[in-house]
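Dear colleague,

Please find below the structure that I am handing over to you, together with its sequence. A description of what was found follows directly after it.

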Amino acid sequence: MERDYTLFPEDEHGEALWQMLLQGDDLSIAREFQFSVIFANQESALKFGQLLLENNQKLSFCPYPDNKDFPWEITAYPEMPASYENVTAYQALLEQSSAPLAGHFDGWYCHSVN
């Protein structure tokens, strides 16, 4: 299979999605993603969580012991097909929405659908 760099660009998102496709994942099937944003204080994390809840987003809130400077984590769980456009657009939305609260995007994950 030849890689289409317009669908799977040479960056971390494109590479992750390309590897999923190579492993037999049907990327067109909607699935739940996990997008994490970390915060320096609990108050900012909770404000961001409230914003997501007001927009009907499923989320979790927990301490994040892996980073002393950003010890609070909000994870959003959107359901969508695994496309580069969807992943990058949702990341951009989270980054834009969390910027006033000094949130830092910390990555995404999803299970394969075979």
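Ser98 counts as buried because its relative accessibility is 1%; here buried means under 20% relative accessible area, exposed over 50%, and partly exposed in between (1.4 Å probe, protein chains only). Apart from neighbours within four places in sequence, Ser98 is in contact with Val37, Phe39, Phe48 and Gly103, where contact means heavy atoms within 4.5 Å.

Two remarks on the source are needed. This is a predicted model, in which local features need pLDDT of at least 70 and side-chain atom pairs count only at pLDDT 80 or more, whereas totals for chains, interfaces and linings use all residues. Residues are numbered from 1 along each chain as its sequence is written, and side-chain values use heavy atoms, with hydrogens and water left out.

Overall architecture

The protein has 3 helices and 5 strands, and from the N terminus on its elements follow the order α-β-α-β-β-β-α-β. The C-alpha trace spans about 50 × 25 × 25 Å along its principal axes. Of the 114 residues, 37% count as buried. Among contacts between residues at least 6 apart in sequence, 69% join residues at least 24 apart.

Packing of the helices

Helix α3 (residues 84-98) packs with helix α2 (residues 42-54) at an angle of about 130°, and their axes are 10 Å apart. Axes are lines fitted to C-alpha atoms, for helices over the stretch in contact, and angles run from 0 to 180 degrees between N-to-C directions. The angle therefore makes α2 oblique to α3; under 35 degrees counts as roughly parallel, over 145 as roughly antiparallel, 65 to 115 as roughly perpendicular, and the rest as oblique. The crossing of α2 and α3 is right-handed, a crossing being left-handed if the near helix is turned anticlockwise from the far one by less than a right angle, and right-handed if clockwise. On the α2 side, Phe48, Leu51 and Leu52 meet Leu94, Ser97 and Ser98 of α3. By class, this contact of α2 with α3 holds 4 nonpolar, 2 polar and no charged residues. Ala, Val, Leu, Ile, Met, Phe, Trp, Tyr, Cys and Pro count as nonpolar, Asp, Glu, Lys and Arg as charged, and the others, Gly among them, as polar.

Helix α1 (residues 12-22) also packs with α3, at an angle of about 140° and with the axes 10 Å apart. This makes α1 oblique to α3. Here, His13, Gly14 and Leu17 of α1 make the contact with Tyr84, Val87, Thr88 and Gln91 of α3. The contact of α1 with α3 comprises 3 nonpolar, 4 polar and no charged residues. The crossing of α1 and α3 is right-handed.

Within α2, Ala45 is buried, with a relative accessible area of 0%. Leaving aside neighbours within four places in sequence, Ala45 is in contact with Phe39, Phe61, Trp72 and Ile74. Ala45 and Phe70 are 25 residues apart in sequence and 9.8 Å apart in space, C-alpha to C-alpha.

Strand β1 and its partners

Strand β1 (residues 31-39) is mostly covered, with 7 of its 9 residues buried. With strand β5 (residues 104-110), β1 pairs in the antiparallel sense over 6 bridges; two strands pair if DSSP finds at least two bridges between them. Strand β3 (residues 72-76) is joined to β1 by 5 bridges, again antiparallel. Ile38 has a bridge partner in each of these strands: His104 in β5 and Glu73 in β3. Strand β4 (residues 79-80) runs antiparallel to β1 and is joined to it by 2 bridges, and Arg31 stands opposite Met80 in β4.

Backbone points in the loops

Most residues other than glycine have a negative phi. Asn56, in the loop between α2 and β2 (59-63), has a positive phi near 60° and is exposed, with a relative accessible area of 72%. Ala102, in the loop between α3 and β5, also has a positive phi near 60°; Ala102 is partly exposed, at 44% relative accessible area.

Yours sincerely

Terms used: Helices (H or I, at least four residues) and strands (E, at least two) are DSSP runs, numbered from the N terminus.
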